[in-house]
Amino acid sequence: MKFQKWRNLEKGDFLESKFKTSHYFTYGDSKFNSLGFAKLKYSQIYNGADLVFDIPANGGVHYQFVCNPAFDFHQIKWKYDVNTIITSKGLVQITSQNDTVYEGGLKVLQNAISIPAQFKLNPAKEITFDIALSLNLNKPYIIDPFVTQINTLRSGGPGASKALDVDYD
């Protein structure tokens with residue numbers, strides 16, 4: 001299992017869920033049954049930015065930061081509790097005992113124009129963004145990465161699990 005820990009967050013009750021699934025997920029005993037949602041929105045997870053997660057029909061985990069004018073993207077930082085590197089192709093590679101997952105497909109959009117950007121790993125092993133100077137921080141923009149397809153919660157043989165847990169502490 002990979003745990004994603006966001007840094008520098010605003011605190012508060014800001015979760016909005018949409019599109020409740022018609023099924024539930026189970027992890028053993030029925031008291032752990034959980035409903036799923038196709039979309040989660042954390043409003044103002046950073047002062048000036050919302051974080052939206054959704055599950056595309058073809059699999060994977062999609063998320064994006066919807067940033068208001070004057071939001072400084074340098075505030076966005078996160079860390080995984082397993083081995084994390086930036087590959088020579090610019091992907092974030094997250095490796096645990098049982099599996100490897102990649103974050104890639106990073107896009108930054110402003111006024112329907114794509115702004116060059118890449119993932120960075122700082123000395124504290126936190127993932128950040130390096131975005132071209134052509135980004136105008138006085139206008140709204142979207143930072144749009146993608147996590148490789150996670151189509152099953154089981155992989156790597158008996159007892160191995162595959163999941164992504166997001167923690168905003």
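In what order do the elements of the protein run from the N terminus on? The order is β-β-β-β-β-β-β-β-β-β-β-β-β-β. The model is predicted: local features need pLDDT of at least 70, side-chain atom pairs count only at pLDDT 80 or more, and totals for chains, interfaces and linings use all residues. Residues are numbered from 1 along each chain as its sequence is written, and side-chain values use heavy atoms, with hydrogens and water left out.

The protein has 14 strands and zero helices. Both are DSSP runs numbered from the N terminus, strands (E) of at least two residues and helices (H or I) of at least four. Of its 169 residues, 36% are buried, meaning under 20% relative accessible area (1.4 Å probe, protein chains only; exposed is over 50%, partly exposed in between). Among contacts (heavy atoms within 4.5 Å) with a separation of 6 or more, 57% link residues 24 or more positions apart.

Strand β9 (residues 100-110) pairs antiparallel with strand β8 (residues 92-95) through four bridges. Pairing requires at least two DSSP bridges between two strands. I94 is the bridge partner of V101 in β9. Four residues separate β8 and β9 in a hairpin. Five bridges join β9 to strand β13 (residues 141-147), also antiparallel; there, G104 partners F146.

The structure holds one salt bridge, defined as a Lys or Arg side-chain nitrogen within 4 Å of an Asp or Glu carboxyl oxygen. The side chains of K41 and D50 form it at 3.7 Å, N to O. K41 is partly exposed at 26% relative accessible area, whereas D50 is buried at 15%.
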